[in-house]
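Biologist: Could you walk me through this model, one question at a time? I'd like each answer to end on the thing I asked for.

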Amino acid sequence: MPMLTLTFASAVSVGLVLARIIWSGNLRLGFLVWNLFLAWLPLIFALLACEKYRAGCGRNWRFLGLTGAWLLFFPNAPYIFTDLIHLTTRFYSHFWVDLVLILSCALTGLVSGFVSLYLMQSVVTRMLGRGASWVFIAAVSALSSFGIYLGRFLRFNSWDVIFKPVALYHGIGSWVADPLQNSRTAVFPVLFATFLFISYVMLYALTHLKPATANEGTSSALTAA
């Protein structure tokens, strides 16, 4: 059911972006389609990793490789929220349309990422216990936020681990050497990590709600009436 819902939401979001492109005659928000595709990759890697774990391959190189790929691409899921920076009031007639399109893609990407995070948390719970799984969630939130910082401010992406390892190393090294060189380098990762952790906790709580059903006394009274 979550996969069907995410597929439907993604299809609607892509359709809206394409309609916006056709209507306006420019590709200004076309990048949302690519970013939404990237947001699906961690879910695919998480599904494959869980399948390997269920097959008894929880410690082999395939499982570890898929887990590493999941962690590498996970920041792409919440990254779409930072695309709000592309909104501009210069084209006020398109502002609210663009806002809805970006939020639609961002929410779909975020939920897709959280589904993958929930799958990986379930694996960690089985391997290390429930307490360790929440430490895992906090660590992933922090690492992902730093990854989003690298993408939005230093313009790196997940592929650069392979194609630009030296430049990525220097970018991370410069931040580690002086993380307080300006306010955004320190504040942004912390704030976004907090946002991710709280959002995941809320979604986790919602998925564990029990159906609201009438108790036996109420049912009996209604039947008697």
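Biologist: Happy to start with tryptophan 70: which residues is it in contact with, leaving aside neighbours within four places in sequence?
Modeller: A quick note on the source: this is a predicted model, where local features need pLDDT of at least 70, side-chain atom pairs count only at pLDDT 80 or more, and totals for chains, interfaces and linings use all residues. Residues are numbered from 1 along each chain as its sequence is written, and side-chain values use heavy atoms, with hydrogens and water left out. Contact means heavy atoms within 4.5 Å. With neighbours within four places set aside, the partners of tryptophan 70 are Pro42, Phe45, Ala46, Ser116, Leu117, Met120, Phe136 and Val140.

Biologist: Which side chain makes a polar contact with the side chain of tryptophan 70?
Modeller: A polar contact is a pair of N or O atoms within 3.5 Å; within protein, one must be able to donate a hydrogen and the other to accept it, and residues adjacent in sequence count only if both atoms are side-chain atoms. Here the separation is 3.0 Å, and the partner is serine 116.

Biologist: Is serine 116 buried or exposed?
Modeller: Serine 116 is found in helix H5 (residues 92-128); helices (H or I, at least four residues) and strands (E, at least two) are DSSP runs, numbered from the N terminus. Buried means under 20% relative accessible area, exposed over 50%, and partly exposed in between (1.4 Å probe, protein chains only). Serine 116 has a relative accessibility of 0%, so it counts as buried.

Biologist: Why does the pair of tyrosine 53 and phenylalanine 63 count as tilted?
Modeller: Rings of Phe, Tyr and Trp (its six-membered ring) pair if their centres lie within 6.5 Å; planes under 30 degrees apart count as stacked, over 60 as edge-to-face and the rest as tilted. The whole structure has 18 aromatic pairs. In this one the ring centres are 6.1 Å apart, and it counts as tilted because the planes meet at 45°.

Biologist: How many residues apart in sequence are the parts that this pair ties together?
Modeller: Tyrosine 53 is partly exposed at 22% relative accessible area, while phenylalanine 63 is buried at 5%. Tyrosine 53 lies in helix H2 (residues 31-54) and phenylalanine 63 in helix H3 (residues 61-73), so the parts tied together are separated in sequence by 10 residues.

Biologist: What span does helix H1 reach from its first C-alpha to its last?
Modeller: The expected span of a helix is 1.5 Å times one less than its number of residues. Helix H1 (residues 2-24) has 23 residues, with an expected span of 33 Å. Its buried residues are Leu6, Ser10, Ser13, Val17, Arg20 and Ile21. From first C-alpha to last, H1 comes close to the expected value, reaching 33 Å.

Biologist: Finally, how many helices are there in the protein chain?
Modeller: Of the 225 residues of the protein chain, 38% count as buried. The chain has 0 strands, and its number of helices is 10.
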